[in-house]
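Subject: Structure handover: salt bridges

Hello,

Here is the structure for you to look through. Please open it beside this email as you read.

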Amino acid sequence: MRIIGTLPHPYVKITVFAMNMRYSVKFEMGQMEQTFKIRESEEINSIEDISRLVDDELIDECMETFTIMHKSMERTFQRFAEPK
């Protein structure tokens, strides 16, 4: 797997990888990450195509998912810290 580029965003690190006719788009925020795997096709075959695919709506949905993930981990650590 090789990095073919990054997409700019002020809060989320977005890295695009290529391997075996497939792209992986990884979103990272703190210690959390989400990855989308996309098959290469006639419509999607470059970093420019991936950049158009990763629109504001997808990024907003990823941000919402990061919020849910963060809350889940907070609750998990609270349960872990409870006396037994």
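Below is what turned up on salt bridges.

First, the ground rules. This is a predicted model, in which local features need pLDDT of at least 70, side-chain atom pairs count only at pLDDT 80 or more, and totals for chains, interfaces and linings use all residues. Residues are numbered from 1 along each chain as its sequence is written, and side-chain values use heavy atoms, with hydrogens and water left out.

Side chains of opposite charge can pair when their charged atoms come close. Here, a salt bridge means a side-chain nitrogen of Lys or Arg within 4 Å of a carboxyl oxygen of Asp or Glu. How many salt bridges does this rule give? The count is 3.

Start with Arg52. Its partner is Asp49, with the closest N and O atoms 2.6 Å apart. Both sit in helix α1 (residues 47-53), 3 residues apart, so about one helical turn separates them. Helices here are DSSP runs (H or I) of at least four residues, numbered from the N terminus. Arg52 is exposed at 59%. Asp49 is buried at 10%.

Salt bridges with shared partners also link Lys26, Glu28 and Glu33 into one network. Lys26 pairs with Glu28 at 3.9 Å, N to O. Lys26 also pairs with Glu33, again with the closest N and O atoms 3.9 Å apart. Lys26 is buried, at 19%. Glu28 is partly exposed, at 21%. Glu33 is partly exposed too, at 46%.

Best wishes

Notes:
Buried means under 20% relative accessible area, exposed over 50%, partly exposed in between (1.4 Å probe, protein chains only). Helices (H or I, at least four residues) and strands (E, at least two) are DSSP runs, numbered from the N terminus.
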